[in-house]
Each structure stands twice: as structure tokens, then as C-alpha cells.
2 protein chains.
Amino acid sequence: MVNGHERILPRTRRRVMHAIELLGYQPNVHARRLVTQSVETIGFVLSNRDFLNPFHAGVLTGVEHAAAAMRHEILYASCVYAPETPAAELELPPVLRSRGLVGGVILAGTNYPNLVRAVRERGIPFIVFGNNLVRQRQSLPDCCVYYDDASSSRELVERLIAMGHRRIAFAGDQRQPWFARRRAAYLQAMARHHLATMEYTAALDSPHSYVAYGEAALGKLLERHPAPTALFAGNDNIAVGAWRLCHRRGIKIPGDLSLAGFDDLEMAVLIDPPLTTVRVPVDEVGRACVEMMVEKIRRPGEPQANRSIPTHLVERASWGPPPPEGA
Amino acid sequence: MVNGHERILPRTRRRVMHAIELLGYQPNVHARRLVTQSVETIGFVLSNRDFLNPFHAGVLTGVEHAAAAMRHEILYASCVYAPETPAAELELPPVLRSRGLVGGVILAGTNYPNLVRAVRERGIPFIVFGNNLVRQRQSLPDCCVYYDDASSSRELVERLIAMGHRRIAFAGDQRQPWFARRRAAYLQAMARHHLATMEYTAALDSPHSYVAYGEAALGKLLERHPAPTALFAGNDNIAVGAWRLCHRRGIKIPGDLSLAGFDDLEMAVLIDPPLTTVRVPVDEVGRACVEMMVEKIRRPGEPQANRSIPTHLVERASWGPPPPEGA
DNA sequence: CTGAAAGCGCTTACAG
DNA sequence: CTGAAAGCGCTTACAG
């Protein structure tokens, strides 16, 4: 009666409900799950990150809000593994190992094909945050949520060109797929306008040194003659590094150099001038993950299209027309 | 046999283990939990925050790592409530409502006595992140983890005094207990040296406007004659606001004004000069929460001391001796 | 419309 | 040392 909509005498129903209220009765979830063979819990696995960065914190927030609205809980787990380990030999965390802990998992962080394969082989329904999926040859239909960094990147470069910039540089380590995609959009826009590209794509040693990377990148790019009049940094931290170099060298932003980043971190509005960048609606990414996950649990085997969340160019004072030629 | 250490023929044991391996057998957690009446899951409740900020993301990371090491899982849930709602009328999220979902909860975010009371009345073991516990009259023994902001704050002010500063200002909204504690340490240090205090403690309208608050604070403080030679900002965002004002007005840091914050956010090293601040070892806060939680679940009723995690003064270039008097 | 029984997959005493 | 039984707290068919 408590669960179903049986035909029952309204009076009886009321009395039972009253007793429930009175005693503070709450059904035991494990007994229920044992018999129904279903779980309302979704695992959120953060892979290969030593801490929860603001981006993933935002995705997790979105995931939790969406899940709560659909009466699901979120089990948070981190997971570190080597890309080369064969799928069968991966040491999986309990979320991916124990029977019944979760009804499915959202794989966030940076993932590789071996983990995806291991999860698939165990029959655990899963959704992958696609932008950070590295080295995946064949596409993964049915289970990916992306944010669309290409469109905004293209728009960003097109806007710089429309302002009059011709020497537009790009900076970002190409081994990281997010930078590779942003660069591809940059190359495409530049090619469309028959403009020569200027790139700094050196390998990045430590994931924590984006700012230093940005300083080095702009330093190198400024050695060229003629120098770039605009820099599209692969992310905001790289942009902040470039900004610091300008600050030290007295290069005016946007007078001498227009600067744009990607991510819209909190600090984007704190530097002076505030940074033009691209915002990823992380809460929508999280929501999309949950919606796909719930749909997949409800209708197993039913095909679903991958989802792509649009991103938004956020225009701020760090860009403007290029300096007059020959100045 | 799988669970216990019974005396069994080694050969039989080996054969069973082999079969387990072969079939990929994993026990069903719900059946196990139903019979053992225990859960290895700990709830992490983020209260009254609309998103997971870097500080709490760090605590959550610490909590998850410590929990994983002790073979516990983390259920992440957010919870928004009004401080005035009577405990009995609070609408609790499933972690705090369902029977058996978790063995206990860590209450992070900003909490009020009504929630603490509701959780206690339901008999759910809990640990509270004490620094953000507001309006709690009687102390909560046995269940609090704090970070010690007083010692580092005092040390910070003492160091400024030792450098020769006499006019040291403080900025932070006193209704927020973390600012109140830092201010108390400031007042104490100033009193010890018989120095007059200079404060900006206006109410802060929006939690997202710390930077603007910092700009306003320093603006007001600089109207005084003589002006302060150092500012202890209640947190890094307020310090960044002050830094921006200095940047715009051409006030040199630390030549004209020494600046210090609290939190050691990522941006502390990105501003120029990098910011002297206080670092809270968030992972240790998280670990302490888990350790107390597990201890409390294992030995119910056993008294435990509250824990206080030391913080660390991080000296950077944003402070130095005061300008020569009368300059 | 209502009550009693079976069974979900385990663990834990207990009998062989 | 090993196997069979009882029972954790539910839900779901089924008999009354």
C-alpha cells in the first residue's frame, strides 16, 4: 500500500499513514533494494585527478542537483589508474566492483579506453564525460556527454579576425585532447581566412604549471617578427600566465595584445582587465549526465544519442582591435 | 569462510577462492548490509551552499581519500535549509532520512543548530565541520572537527608588528563566524602590543562579492589619517579586492601597503606580488572527519575529543616593512 | 479488500 | 571441519 496505488479504504489508508508518521517509520533501503534488485544510487567517478578541480566540482554539483530532483543519490569516488593497464587487470574501486552499490556510474575526470572497457565488461551502465576521454579510437555511441568547445573556439577566433587581427596565436599542449580540439577550431578559422597560424604547442610537464606554461608560451611567441597581436590561450590559467608576462613587460592588454582564454574560472574577472573567455555550463553537463544515466537504467539497451552542451563566449575587456600597423 | 578466519583445509579454501575468481563472484552489498545491520557508506552533506567551492572540494577530496583507505564509500548530498525552521519541520535529504543509507554523516558547508539537532534526534552518528557552524550556543563535544584559524591569524598580525607596522587594519563581515574568529585573534594581538585597531566590518550583502567587499574595505580604510600600512584581509578574495584597488590607484604592495589574506586560494600566487596568506590543510580536515566518524560508528557512545587542525602561515612577497614614517 | 507466505542474497549460529 | 537452517526487512504474488 505504501508503495503502490491499490484500492484501499480511504479510512484504512489514513490510519496507516498516521501510524507511519507517528512512529517515524522509514523503510530500510537495503531490504527494499535486495528485493527490487534496483538501486537509486549513481556513482560519480573522478578518474586520474589528485583533487576535485573547480570544473569537476561544478559538474558534480550539477550531477547532485539533477540526481536529487529525480530522487537518486550520488556516490562519489576517485580512481587512479594507468592507461596501459589491461582492462582485466585494473584495480577498481568498490563502486565499480561491488555488486549492487550503484545502478550505474558517471565517469568523469580523465579516462582511457581500458577503464571504459572494464566497466562495460562488468555490465555496469555508464555515462562518460567525453571531453576528457583520451586515446579512444572508436567512438562511443550511447553513453557520452560532451561540451562543445569547437563552436565557441571558432567563434572566438572569428571575432578576433573581424576586429582586424591577422596575427593570432594559439597556445596549448596538443597531447591533451581539450587543447587539440580548441586548436583544431583555431586552425579551421584561420584557414578559412587564409591567415598564417602562430602556435606554441610544447609539451606540458606538470598539470599544475599551466600558468608558467602561459608565460613561456607568450615569451616564445613574442620573439617572432612580426609578433602576434592576439593570443587565444588554451585555457584561463594559460591566459593568466600570458597576462602576467604582459604585466611584467609593460605590454598593454588589449592595446598591444588581445587576450582570450577558455573555462571562465573565477579568476577571469579578477585580473585587470577582466578576461574574455568561454564559459562551459557545468551544471548542464552534470544534468545531461544524470538524465542519460537514468534513461539508460530505466530502458536498458534502448539506443540514446550522445549529448553535446553548447558553451558561451564571454566577452570582457581583455580584447579589442589590434594596434595600428607599424606602430 | 570468505568473511571469517575459520579453520579450514587449505586445499578447500584454495578451491573455493579459485571458483570465486573464476566466476567473478561479488557479494551483493544489500544482502550483506541487511543482515549485518551496518553500512560502510558515510554521507558528506554540503549545507547551504549553491555550489561546491574550492575549500569544500578540498575537504571532500580529503574525506574520500581517507574513506577509501578505510574501505568506506562517500555519499555526496547537498542540503539547503533556513536557520529558523524548527528541527522537527526540516525537510531532510534522503541521506538524513532513509534508514540505512549511511552509517553516519559528515556535516560540511554552513550549518545551524536546527539541522544538528534534527540529525541527533534521528540517532544518526554525525561529525560537524565546526568552523562554519553558526549560532551554536552550547559547544558540541564529541563530534567537531575544526581548523585552527586563531593561531595563524595571531601569528600573522604578530609578524606584521615585528616588521614595524603599527597601523594594521582588518577587513571582514563579523556576522560570519570565520571572520569573527580571525578578527578576535587580530584584536588580541593588537591589544597585546597596545596598538589601536582599524577595522572595516560592514555587512556583506552577497556571498559572491568578497572581491568587491575588499575594494570597498580598503577604500574606506584609506580615508583615515594616518592611513593603515598593512591590511589583514579576512580571506583571499577580500585581499584580491584590496589588491585591485591598489593596482588601480598606483599604491605599491608591499612598499606602501602590506597585504595578507586567508585561505591560500589558487589565485593567491597569481596576483603580483603573490599574496601572503594562511593555508588550511583541507585534506587533513577531511581525514580527521572520517577518522572521527569511523571511530564513532565502531564505538558508539565512547567519548571523543574534538579535533583542531593546525593551519600554516604562507609568507609571500605581498608583505614587508612599513614605509618610512612621514613619507 | 486484507492477511499470510515466499523469496531477494547474504551471515551467523547450530546441528551433523 | 562442513552443510543446512534461520532470519535480516522488505515486496510481490497469492489465497482467503
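**Where the chains meet**

Strand S2(A) and strand S2 (residues 73–79) of chain B pair in the antiparallel sense, over three bridges. Here two strands pair if DSSP finds at least two bridges between them, and helices (H or I, at least four residues) and strands (E, at least two) are DSSP runs, numbered from the N terminus. The bridge partner of Leu75(A) in S2(B) is Leu75(B). Please keep in mind that this is a predicted model, in which local features need pLDDT of at least 70 and side-chain atom pairs count only at pLDDT 80 or more, while totals for chains, interfaces and linings use all residues. Residues are numbered from 1 along each chain as its sequence is written, and chains are lettered from A and ligands numbered from 1 in the order in which they are written.

The contact between the chains takes 39 residues from chain A and 38 residues from chain B; two residues are in contact if their C-beta atoms, placed from the backbone, lie within 7 Å. On the side of chain A that touches chain B, the elements giving two or more residues are helix H2 (29–36), helix H3 (54–69), strand S2 (73–79), helix H4 (94–97) and helix H9 (236–249) of chain A. H3(A) gives the most to this side, with eight residues. By class, the side has 22 nonpolar, ten polar and seven charged residues. In this count Ala, Val, Leu, Ile, Met, Phe, Trp, Tyr, Cys and Pro are nonpolar, Asp, Glu, Lys and Arg are charged, and the others, Gly among them, are polar.

Now let's look inside. The largest nonpolar core has 98 residues, and those with the most contacts inside it are Phe44(A), Ile106(A), Cys289(A), Phe44(B), Ile106(B) and Cys289(B). Such a core is a set of buried Ala, Val, Leu, Ile, Met, Phe, Trp, Tyr and Cys residues joined through C-beta atoms within 7 Å. A residue is buried if 20 or more other C-beta atoms lie within 10 Å of its own, exposed if 12 or fewer, and partly exposed in between, with C-beta atoms placed from the backbone. Leaving aside neighbours within four places in sequence, Phe44(A) is in contact with residues including Leu60(A), Leu75(A) and Ile106(A). Apart from this core lies another, of 82 residues, among them Leu160(A), Met190(A), Trp243(A) and Ala217(B).

Ala118(A) has its place in helix H5 (residues 113–121) of chain A. Why does Ala118(A) count as buried? Because 20 other C-beta atoms lie within 10 Å of Ala118(A). Leaving aside neighbours within four places in sequence, Ala118(A) is in contact with Ala87(A), Leu90(A) and Leu92(A).

Over in chain B, four strands form an open sheet in the order S7-S6-S8-S9, with parallel pairing. The edge strands are S7 (198–200) and S9 (258–260) of chain B, each pairing on one side only. Strand S6 (residues 168–171) of chain B and S7(B) pair over three bridges, and Ala171(B) has Tyr200(B) as its bridge partner in S7(B).

To finish with chain A as a whole, its secondary structure comes to ten helices and twelve strands. Of its 327 residues, 44% count as buried.
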